[in-house]
Amino acid sequence: MGLIAFYPVYYAVDISLYQTQFLKKTAFVGLAQYTRLLTSPDFLRALGTSLVYALGSLALTLPLGMGFALLLNRPIRFKAAFRTILIIPWTLSQTVVGLLWLWLLNPSYGPIKYVLDEAGFGQFLFLSSPDWALPILVLVNTWMTFPLPMILFQAALQTVPQDLYDSAKIDGCTAWAGFWRITLPFIQNSVMATAIMTTLHFFNMVTLIYVMTGGGPLETTQTLSVRVFLDAFANFKVASAAAVGIVIFLLNIVFSLFYIRVLRRGDLY
Amino acid sequence: MASRKARTRRLDVLTYGLLGLGCVMALAPIVWGLLTSFKLESNVALYPPQWVPNPVTFEHYSDLLTSKEVLRVFFNSLVLAGGTILLGLLVASPGAYAAARFRFRGKNAILLTILVTSMIPGISILIPIFLLAIRAELLNSYVFMILVYGAWLVPQAIWFIKGFVEVVPRELEEAALIDGCSLPGAFWRITLPLIQPGLAAVAILFFVFVWNDFLIGAVLTNREEMRTVQVGLLRTIQDIGIFWGQFMAYAMLATAPILVAFLFLQKRFVEGLTRGGVKG
Amino acid sequence: MKLIRIAACAVALACMPQLAAAATEIVFWNNFKVDKSPRGQALTDIVAKFEANNPDIKVRVEVAPFATVDANLIQGAAAGNTPDVVKIYNVALSLHVAAGSIQPLDPYLGKMDKTDWLLPWDTTVFDGKKYALPYEYRFFALQYRKDILDKAGVQVPTTWDEVCTAAGKINSPQVMGYGFGLSQAQAASILLEWADDMALAAGGSWLDAKGRAIPNNPAGLKFMQTVADLVGKCKASSQAVVGYTYEAVHQGLAGGTIAMAGMGTHRYEALRAAGAKDNLRWAPPPSFEKGKPAPVHVLGWNLVMGKHTKHPQEAMRFMEYMMSPEVQVAVARAGEMPTRKSTYDDAWFKTPEAGAMRDWAQYIARNGKAGQYPAGWLGFGQILASETQAIVLKGLAPAQALANVVERYNKAQAEGK
């Protein structure tokens, strides 16, 4: 499996140093791709969009996931039913979620438009608005993905020993403080792994965004990964795509190291 | 005493309320898709929208369930998902155990490197993986695809499960070893049951990832009998339009196996596993 | 002749059991699946008849949806493994010729009639070699809701100025007057089809013979100006068009939330079946000069032979059969426009249900042209989408938008692979 893991990295770096035509190399151009890329305003803009998309979605999905996980951890009934219903958005593929929401949000015939009309509101542009497209995508993404951290956090919460809570209560700790001082530190490593997983997922997402907006309007939703996709598969600019891909790769590493540093507990490794 | 009971009751109401609200928000958009799957194609695009299908039709579902091609893609994806879960748990569990318990030189570096390999964006690895598959003549192979899925997922799984192994008190394992258990035996009998929730969560993760994957399935197969569920979904999108009734029915059917697997894994999410383990 | 054919069939059928053992299997990638729909059922019958008449060949029909067929074929060629016969959209033909995923048909063509086609034979000839046989045709026409136009007391427009005024009268938050789509999703397909024909109707084209965008292009400017006027001066469309795809405009027309739109003729039957029924009508695409019909680029699906096929002879026999007038009539009855002239002599075309198709065929016989689509065409669509969005959302001047498109496209083509 190591071969499978490492070969693509080698290949991607290798091909990003060449010009290509239809999957075949034509000329060696060295680091020219990278210099051109990193100085282009398009690239920086796509980078910014990726960050807003990923961090915005993280800021919503992680608390939501944790909130529901905590609620489901309480002694209540119908747990299985609640758990199963709540994960349904995540069981749909990105294509389905994208097309479904595209229909719901359509400014001419979407059901949401109908309801708003009846309620007396005017026409909303939703995804046709350069100001709202990205926030709406973040919200749809949150709707679709919150079950991921929810499941992982639920599992992590199972490992917290009851005696810790009991002794905390005896010491007069409130539930809120108990969460921050006892629960969270205990499951720190799981939270870190979840954060890494979710961030990688968001940085790599292409299908949902491409299906709903194609990167527009006015490139306001063109994240780095969408850019890679368009370069490679719409324009067949494989080398350029590879270069952007490498950059995403490095970004992923940066984020992960950041989480590890922030959330490390003693002998992490 | 009375106020504590009242407070618990209030908390319960709040809990049910919030969970209920969450369920409504999760389900509402899907209800639209579900209703559409029971409509005739000619009623799908009506405006104002037809809220209740009239007439209700099951033809989309029956067409799908009697189609050889659809059953084939579901089968393929099941094999791939099952295989990946098996491979993943077999590799990630011992890996996570080693990562959590053992100390050896270069451990940090190895762990980080493992994680880093899953950080290259999926789209960037597609073409090189494809070319690798061609050279090794491994297109249309269950095994190769499972390895590719595993390469992406296992590193993250190792890190996640590691967290679970770390909170299992070492004393339990040491006690077993003193009692004459071998190391793998201790792992199997003591640690593994205690990290069940982590394993279950990872299993669901793998299932959903493989089941909903489109790109890897589309790139690594070019024979119709090896296609996956998401590739099959595209057949409901034709050049003369999207057949929404078929599309939604397909989407709904596709969620069924995941929900079944999840219900099955529910009992692994057992609480308070380490309660009372340390005392005495 | 017919008697001999019947006799031959009888002999073939009698020999079938022995020959069946030696049947060659060819793989055919079709763009839709075999199901209960008219097209699906027609294809089942067509293939069954072919196998009955050619017992030494078995056809395995696989589905290669339009969204993935080009990528799949190129990947397959790279892997040294392609199907025998593939359905490819004409816009992607030059891409496949350049990528080497399909092979020339000349060695196998035999005595195929080169004149019995609605469009000239050369349309699918590249570098002097014949690469594809057109299977069906479609073009971008004006489709509208008669009920909405009648209610507003508006005549069917024939020029773009008339579209502007007519749609302006109808446009409201409930119903969009003239619908179009500028979204980059779905490869900006509806924008590309529209812009492609608009440049042609304005007497020019977007790209020159070398595939570079033409600067200060008067045809391009007319298109940009039309977009600006539709949303600005005439208020015929709302800004929502920025996010619309082909599917969105289709659904709007079907449900009556869009009054008229440019749409491919292949959507006509589907729109009517989707609930619009007889309220959905078509008209020739508007032109820039009153009284003069607008020329259109004819689009459509073609049959090509995969590069690495092991059975070129059998593949060609199947392709020839698919091009035969009898099969083409069945194709027409299932809603797709046939490509051979002699097909239209069939009795079915005199029936009322064939009315629309008959008129379409006449229209493209008189005004249809073949388009040139270089490999960068999809990339062009993305850039064009971006700049037309700026016209609609930020009031960017049409001339400036055109200049941006030309600059961005030529730069991208030069830089980069």
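In this predicted model, at least two lining residues of the second largest cavity come from each of α5 (94-104), α7 (133-145) and α11 of chain A and from each of α6 (122-135), α7, α10 (196-212) and α11 (215-219) of chain B, where helices are DSSP runs (H or I, at least four residues) numbered from the N terminus. The largest share of this lining, 5 residues, belongs to α10(B). The second largest cavity holds about 750 Å³ of space, and of its 31 lining residues Gln94(A), His201(A), Trp152(B), Phe209(B) and Asp213(B) are the closest to its centre. In the whole structure, 14 cavities of 30 Å³ or more are found.

Grid points are joined across faces, edges and corners, and a volume is the space filled by probe spheres set on the points.

The largest pocket has a volume of about 1700 Å³, and among its 45 lining residues those closest to the centre are Leu70(A), Tyr165(A), Ala175(A), Phe179(A) and Thr183(A). At least two residues of this lining are supplied by each of α3 (41-73), α8 (147-158), α9 (162-170), α10 (175-186), α11 (188-204) and α14 (238-263) of chain A, and likewise by α1 (2-37) of chain B. Domain 1 (2-37) and domain 2 (59-279) of chain B each give at least three residues to the lining of the largest pocket, the domain bounds coming from an automatic or database assignment.

The two linings divide by class as follows, with Ala, Val, Leu, Ile, Met, Phe, Trp, Tyr, Cys and Pro counted as nonpolar, Asp, Glu, Lys and Arg as charged, and the others, Gly among them, as polar.

| Lining | Nonpolar | Polar | Charged |
|---|---|---|---|
| Second largest cavity | 19 residues | 11 residues | 1 residue |

A nonpolar core is a set of buried Ala, Val, Leu, Ile, Met, Phe, Trp, Tyr and Cys residues joined through side-chain atoms within 4.5 Å; buried means under 20% relative accessible area, exposed over 50%, and partly exposed in between (1.4 Å probe, protein chains only). In the largest such core, of 276 residues, Leu220(B), Tyr178(C), Trp194(C) and Phe223(C) touch the most other members. Helix α7 (residues 142-166) of chain B contributes the largest share of this core, 15 residues. Apart from it lies another core of 28 residues, including Ile57(C) and Met305(C).

Chain C is divided into domain 1 (23-137 + 299-369) and domain 2 (140-297 + 376-414), whose centres, taken over C-alpha atoms, are 29 Å apart. Their contact (heavy atoms within 4.5 Å) takes 12 residues from domain 1 and 13 residues from domain 2 of chain C.

Two arginines may be described individually. Arg227(A), in helix α13 (residues 224-234) of chain A, is buried because its relative accessible area is 14%; beyond four places in sequence, Arg227(A) touches Leu37(A), Asp42(A), Phe43(A) and Gln222(A). Arg408(C), in helix α15 (residues 398-415) of chain C, counts as partly exposed because its relative accessibility is 29%, and beyond four places in sequence Arg408(C) touches Glu219(A), Ile383(C), Ser386(C) and Glu387(C).

Residues are numbered from 1 along each chain as its sequence is written, and chains are lettered from A and ligands numbered from 1 in the order in which they are written. Local features need pLDDT of at least 70 and side-chain atom pairs count only at pLDDT 80 or more, whereas totals for chains, interfaces and linings use all residues, and side-chain values use heavy atoms, with hydrogens and water left out.

Methods. 1 Å grid on protein atoms, 1.4 Å probe; cavity = no way out; pocket = protein on both sides within 12 Å on 5 of 7 lines; lining within 4 Å.
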